[in-house]
Amino acid sequence: MNPKLLRNILAICLAVGMLASSAIAGEVEVLHWWTSGGEAKSVAVLKDLLEKEGHTWKDMAVAGGAGANAMTVLKSRAVSGNPPTAAQVKGPQIQQWGDEGVLTNLDDVAMAANWDKLLPKVVADVMKYKGRYVAVPVNVHKINWMWANPEVFKKSGAKIPTTWAEFETAAKKIQAAGFIPVGWGGQNWQEATVWESIVLGIGGSDFYKKALIEADPEALGSATMVKCFDTLRMVLQYIDKDAPGRDWNLATSMVIQGKAGMQFMGDWAKGEFKAAGKKFGTDYIAMPVPETSNGYLFNVDSFIMFNVKDAGAKKAQKAMARLIMEPKFQEVFNINKGSIPCRLGMSRNPFDFPAIYSFDTFEATAASGALLPSMAHEMAVFPAIRGAMFDVVTNFCNSSMTSQKAAENLAAEVKNAI
Amino acid sequence: MTSLVHTPTARKKSLFDHLEIFLPKLVLAPTFIAGIIFVYGFILWTAVLSFTKSRLLPKYEFVGLYQYVKLFTNDRWWVASKNLLVFGFLFVVICIVLGLLLAILLDQRIRIEGAIRTIYLYPMALSFIVTGTAWKWILNPSLGLERLVRQLGFENFSFDWLVNADMSIYTVVIAGVWQSSGFVMALFLAGLRGIDDAIIKAAQVDGASLPRIYWRIIIPSMRPVFFSAVIILSHIAIKSFDLVMVLTRGGPGYSSDLPATFMYAFAFTRSRLAFGAASAMVMFGAVMAIIIPYLYSELRVKRNE
């Protein structure tokens, strides 16, 4: 009998025992925006686990606007003093909700399961408000991926790049062979996704920390930042002119169909390749964005837990927090979602290769300090600052602004947004 | 004597009278109260919020004109405001000119007028979401018009306004005009049909040419229609949100942003509630600055008549 199975049986026995002893079951009302196929399946896992323990799950899915609609609902519920039990909120926004004084303290659950040991410190810090756990992490997405079509590279006689200089050489060859070098989606978050990977690669992790996490105006207006914008401008020479407004999955399908050579996108792009029946290694490959092989930009989804009064609901809430961090949920959820568990030291066996690579770098960078929150995916700075950065980057991408001016604007706009 | 004696019928009648006086007020009261609270009350609340430091949720920590100062130093706000001027002006003027022209042509007692009228009016039945999506495809260089014309053999044809940051706002005008000009046509057609034939006949007897009759008699007599058209179109222009969201998403970059999309982005997705409220108040002020003089002049003319 393997230890995992034993642990699961133990957990179930414990749960049954708890049920029998307390007989208090409660309801959790969970606000989230995981409504698409794979995502909905992933959430259903949690629902089943909770129901097995005798609690009831009230689903409150609000689709649309990449969570903007759900946030609007959440705000109005919180203002009227009737927040749900848990809500899908991530990054620095957890701190903002903490400031409102509406979050509950999960330290007892966290201590019992030793979350401090299970989570990398950078991830744990995001989940804490003033040193106390108020949120539970669900998954980790890696942002700085480059997806490439080896067929296009072969036909163009180009080599998969690992530096930006190599990228330029390869892109020139791909362009000369009649392909579009980069499948590009001209939406602000996609542009920012590429930009932050460039900043990580060229500036290094210390510079990334200063510029995109601490939002230090000096770093934002520095010569290094000018260099980052220069690189972005170079990359932009290799996109097609119809890119503005294009959805990320359409850009991915350009790579799938062999119209474009590569795309810079987080690990969810894998789902598109899989859905198209493509094989990893032969039909598509995944590499870190040039010059970022030692870094890891993470996007961690999490649930914040609100103060609830009802004793049953409180109990159900704690059970939910505990279950989310348990290996069983982390494994099934993340296989469905295409991400990796945020819990360290989990078995890699059920995962596929890009995920396993992601595992390795996640653990390596957690130790080296190059595990960094993604700015573009709401992990690093407050929404106001993120918005200001988005505005400058998207304006740079869609005009002939100089890198010098972009860095100046960046420092000024961020200062203005604080 | 009679005043002292209340017959049952008289009493009943007076109760009914009371009811008749109060009933309209009673029926209107909920709407009136709802209007006071949800329109004027919330305008007031937005005004209050715009002077605070609110970010995620309302917080009443007053900071004076701080948000307004930030607003007017924000580059994106100026782009959005300029876009509204361009879009609003072109949208209203082109819709009215096109609508009037169509109405005059349709008014020439042509055959199958009913069918043609329906065709022109039909876009109005669509939501802006549908219009925006359809035009997004039509205007997309690699899917729509440009590709079609190139396939027809005109290799150098280029129509890339949708992905061109300098021209993207004009694509919003095109889609908006397509949607609304038919409606304006219907308004003008109703106006044209309401004009007394005797006036036109009298002018014809006096030897006036047809264009002259339209220019000097018919069009001026449709002043109330112009009034409604301008009011309706300008409010569509100012509240335009869905069309831009679907057609260009404010892009490329934020080149086709409008104040309404700007406000939404900052207040709701960027947790800058007070800043968004400030932009809403400036929008409100701008609307008032246009509508009040216009209403005033129109209503004064009516009183003089």
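**Exercise 1. Domains of chain B**

Task: In this predicted model, state how far apart the C-alpha centres of domain 1 and domain 2 of chain B lie, and describe the contact between these domains.

Solution: 
1. The C-alpha centres of domain 1 of chain B and domain 2 of chain B are 40 Å apart.
2. The assignment places domain 1 of chain B at 1-49 and domain 2 of chain B at 67-304.
3. To their contact, domain 1 of chain B contributes four residues and domain 2 of chain B six residues.
4. On the side of domain 1 of chain B that touches domain 2 of chain B, three residues are nonpolar, one is polar and none is charged.

**Exercise 2. Domains of chain A**

Solution: 
1. The contact involves 18 residues of domain 1 of chain A and 17 residues of domain 2 of chain A.
2. Sorted by class, the side of domain 1 of chain A that touches domain 2 of chain A has seven nonpolar, eight polar and three charged residues.

**Exercise 3. Contact between the chains**

Task: Count the residues in contact between chain A and chain B, and find which helix gives the most to the side of chain A that touches chain B.

Solution: 
1. The contact pairs 24 residues of chain A with 25 residues of chain B.
2. On the chain A side, helix H3 (68-79) and helix H18 (383-397) are the elements that give two or more residues.
3. H18(A) gives the most, with seven residues.
4. The classes on the side of chain A that touches chain B are eight nonpolar, eleven polar and five charged residues.

**Exercise 4. Overall form of chain A**

Task: Explain why chain A counts as being as compact as a globular protein of its length.

Solution: 
1. Chain A has 19 helices and twelve strands.
2. Its radius of gyration is 22 Å, close to the 22 Å from the globule rule for 418 residues, so chain A is as compact as a globular protein of that length.
3. Along the principal axes, the C-alpha atoms of chain A fill a box of roughly 70 × 50 × 35 Å.
4. Buried residues make up 52% of the 418 residues of chain A.
5. Among contacts in chain A with a separation of 6 or more, 78% join residues 24 or more positions apart.

How values were computed:
Residues numbered from 1 in each chain as written. Chains lettered and ligands numbered in written order. Predicted model: local features only at pLDDT ≥ 70, side-chain atom pairs only at ≥ 80, totals over all residues. Contact = placed C-beta atoms within 7 Å. Nonpolar A, V, L, I, M, F, W, Y, C, P; charged D, E, K, R; others polar. Helix = DSSP H or I, 4+ residues; strand = E, 2+ residues; numbered from the N terminus. Domains from an automatic or database assignment. Rg over C-alpha atoms; globule rule 2.2 N^0.38 Å. Buried ≥ 20, exposed ≤ 12 C-beta atoms within 10 Å, placed from the backbone.
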